[in-house]
Amino acid sequence: MKIPKSIKNSVGRWFGSRMPVGDSVTLNQRSSYIWPTRAGYLLLGIVILMMIGATNYQNNLAFLLTFLLIGIGLVTIVYTFKNMQGIQFSVLPVNEAFVGQPLAISMSLTSNSGKEHYSIGIGQNNNELLVCDVPDTGNATATINFEASRRGHFELPRLMVTSEFPFGWLKTWAYFRFVTPILIYPKPIEPPQLYEQDHGKDSDEGVKSEGNEDFYGLKSYQPGESLSRIDWKAYAREKGMFVREFVAYKGQQLCFNWQDFPGNDDEVRLSYLTFMVLQAASQNLTYTLIFPGTHIGPGDGEEHRAQCLEALALYGEKVAPS
Amino acid sequence: MNSAISKRQLQTRELPIIPIVIAQQCVLLPLYFFIPLWIVALNLFAAGLVVWSMKNKSFEVDRWLKLVITAAAIVGILVVFRKFSGRDAGVALISAMYGLKILETKKLRDANLLLSLGFFMLVAGFLFTQKPWIALYQFIPIIAILNALVSMQSIGRGKVVKRSLGQVIRSLSQYLLLALPIMIVLFLFFPRLGGPIWRMPGASTAASGVSDSMTPGDVSSLQLFDKVAFRAKFNGSAPNEKDLYWRMLTLGEYDGITWTRAGTTPYKLPESELTGKELIDYSITLEATRLNYLVTLDRPIKAPQRSTLLKDFTTYTPFRIMDRTRYQVTSAPTLPIETQLSDTQRSFYTNIPQDGNLKTKNWAQEQRQKYQSDAEFIHSVLVQINQQEYFYTLQPPIMREDVVDSFWFDYQRGFCEHYAGALVFIARAAGIPARVVIGYQGGEKNPLSDYWIVRYANAHAWTEIWYEDLGWVRIDPTAAIASHRVEQDLLTDYRQRESLFDNFDIVDLEDLGLFKQFEYWMDQVNNNWNDWILDYNSQRQRQLFSNWGFSKITNEQLIAFMLIIVSLFLGFISFRWLHQKDRKDQVARAYEKFQSKLAKEGLVNVDSTTGPMQLINQLKELEYSALVRSPHKSVRSKYEQHIKAIEAYIHYRYQNDKPDFKAKKNLLLQFRQV
């Protein structure tokens, strides 16, 4: 069946307009929908049967029972709604996430109504729901895994909250969206033959970078290099202007440069850089990150790491106003 | 902290068997009184098996076992009832199937089916009895079913599943309490059809009491049933109990053994005959009689709707009374009937079989000669009954041939049918038109209310003798029996008969025994139950609405009213629930009251964003400026008190993780002191 786009849009707008958004969301009945479940239809059928029986036998007690059942059914509509009202969903601080890894979003469910809420299902769709009770005081937590396929800013898809409590005859559901800044970092990929590409050395010699510890060799002086490193002896012997090259082994300052991986796709380069940043950070090294438009460091520590990862995640994206 | 489980887990986990079994057995319990005991045992056995296999995981109910049990149930029912149709066999069958369904309840869907069908099963009980107790009982299975449904829906870590019985009842009663008004509205407004859609055979209960023929010689023991035949309510004062002769039908034809009805024609009483007569208005609620005749107080002047007044002043309905029926009648006890009798009628009402009962026939004809008039003759017969050894007994000897002879001359003991039959026979033998009237005599006034209960035990037969100019005159020969010749146990056991004889007791309201009081009270409950619940039909529905000023209401209007009222009700409760922004607790309310009090005194400016800290700041500024003006201690302490209360509130609100009842109490006290 084809639905004209204009209708689809307006339906979407209508749904959208009723959908609460934010990093802490409370549902109200305006944004909730309700419909009978299969068990509800079964009950409806039985009520109709009872009604026919009562009419036929002119049995007023059967009428009373049937009407009581209808009453309970109608009251259940209100109760089912009520059970889902006044729950506050707050997204908890998000762990860092990389492309290709599951993004676990934890949220806390607290009761605003001072009442308990039972069997609240929450998830991305009907088939993958988590069900929990929300206590009257304190909170419940639910963790939902999302798939992050792209680096950069991540927009959480809408979530469905649903409940069939108390009797399973009616299902009420509502949608909402958490609007919270989430950054997805590039997928970390170990760069192949990093050192051959770099300087034609085997990788088992260790990570080499410009440092100031162990003497490694000489290379031609390039303007701007520290004068202290000039091999004055060689210069005195008129062999040319050489710079004593030192190797910084682990624990030393490193520089991760976009230029180190020529001929690779941008995303792959970012992945390599991410890997290197993570490696370096996990070993508390000092490092510098260089890629087009960005030069961070040298630096170390959590803040530096976060800055680097953010830059990598946002490469090529306009910086979102925060 | 609660954490979540996945929905699949919720759906595939084990069913809460215990609540489901409880709900099922609660549904079946009333039926257990009406179905064969072995089906009860089978159902309980099946329920036991399921509970057992839940407790012992190693034991599982085998498929063959299920099959054997089910087959046994079906075969058993077929053997016992020889059919599946009809009320008893049908209910036995569905009870067995419903009971055994628990063996097949493994998934959520099975359980839903079992529980929903439970509501339908409850109706089956109404086929057997419609007493108030079964209606009240319904709440128990309903709560049990709802509880089972809730248990299935709960994830179990909340407080729902492990609740005490009291909590379950309290929380689920909320639903019932709110559903009750809806039920009442639907019950009142839902349009009723005039008749059944189809009729099922069966469901027959023997109605005793009055039948449309009378064979006194056959009866060796008359059972007096306490069952209610009808109830009567007088608009105005009731006649004397002695005069309560409830006429049902007349028997004019006699074949020597059995008295039967004679064909008669409809009759319309001319208005003129009613002038100057005392009229009695009353309504009667008649239980099912399975006869075409209504009961009226002797003598009805007009037939109720849908019935016809016949020439013998009985009221005939074109259909048998199969249900409890209520009608309004007016009677004129002193109304003379048929002052003129045609020759054919005269010969009809003096007709007796040529042969048989010759002794009585001759005796009657001889006796008649001794008296001037018919009335004197009849009186002499009554005197004979009174003076001679005539006994009233409920265990008369069986009289096969010449019934009247053997009663009148040999045994001289019998009950009303014997006496009435004999008197009519004697009168006819003497050439006086006479007939037997049967119906009820007397009744028992419910002292707690204003209606009379007439029971089967009040069934009575008397006579009508036709006199020139007077018409048919009621003569009750049974009443002529001397009271000392009424068997003593009758007087004590069957007080219903007391009023027939001279010395009867009047029930004194003040001396009413507890048991009697309870009996009357129960009867009144029953009566109201019948009136308002069981008898509410399309006719009463119309009547009710016309009483409210809506005469000629259509079914569509009824439905519209019904829907409007129910939606208003639902709208009201949902509005109250859904729009009350976070129901505030006691402390928050007290704080708000305190805050608005301060605002009223003009001390602070409060709007919706004012927090408690801001309030403190405002108060501090005030305190400062007040102190600048007059550095008095009382000024200071006044503000200090307010500030302290707010600080305590902040502490209670934001720095407490556990509810602290002592702090709460103190806080409320502090706010109140302001």
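This is a predicted model: local features need pLDDT of at least 70, side-chain atom pairs count only at pLDDT 80 or more; totals for chains, interfaces and linings use all residues.
Local features need pLDDT of at least 70, side-chain atom pairs count only at pLDDT 80 or more, and totals for chains, interfaces and linings use all residues. Residues are numbered from 1 along each chain as its sequence is written, chains are lettered from A and ligands numbered from 1 in the order written, and side-chain values use heavy atoms, without hydrogens and water.

**Exercise 1. Check the span of H11(B), then find its buried face.**

Step 1. Helices (H or I, at least four residues) and strands (E, at least two) are DSSP runs, numbered from the N terminus. Helix H11 of chain B covers residues 358-370.

Step 2. The expected span is 1.5 Å times one less than the number of residues.

Step 3. Buried means under 20% relative accessible area, exposed over 50%, and partly exposed in between (1.4 Å probe, protein chains only). The buried residues in H11(B) are Thr360(B), Lys361(B), Trp363(B), Ala364(B), Gln367(B) and Arg368(B).

Step 4. Look down the axis of H11(B): the buried residues fall within an arc of 165°, so they line one face of the helix. The arc is that of the directions from the helix axis to the C-beta atoms.

Step 5. Turn to the face away from the buried side. Glu366(B), Gln369(B) and Lys370(B) are exposed there.

**Exercise 2. Decide how enclosed H6(A) is.**

Step 1. Helix H6 of chain A runs over residues 266-282. Its first and last C-alpha atoms lie 24 Å apart, close to the 24 Å expected.

Step 2. Of the 17 residues of H6(A), 12 are buried, so the helix is largely enclosed by the rest of the structure. Among them are Arg269(A), Tyr272(A), Phe275(A) and Met276(A).

**Exercise 3. Compare the record with the model at residues 39-55 and 61-81 of chain A.**

Step 1. UniProt, in an unreviewed entry, places the feature "transmembrane region" at both stretches. Such annotations may be inferred rather than shown by experiment.

Step 2. Residues 39-55 of chain A are 100% helix and 0% strand, with end C-alpha atoms 24 Å apart. Residues 61-81 of chain A are also 100% helix and 0% strand, with ends 30 Å apart.

**Exercise 4. Describe the second largest cavity.**

Step 1. On a 1 Å grid over the protein atoms alone, a cavity is a set of points where a 1.4 Å probe fits but cannot get out; lining residues have an atom within 4 Å of a point. Volume is the space filled by probe spheres set on the points, which are joined across faces, edges and corners.

Step 2. The count is 5 cavities of 30 Å³ or more.

Step 3. H14(B) gives the most, with 4 residues.

Methods: On a 1 Å grid over the protein atoms alone, a cavity is a set of points where a 1.4 Å probe fits but cannot get out, and a pocket is an open set with protein on both sides within 12 Å along at least five of seven lines; lining residues have an atom within 4 Å of a point.
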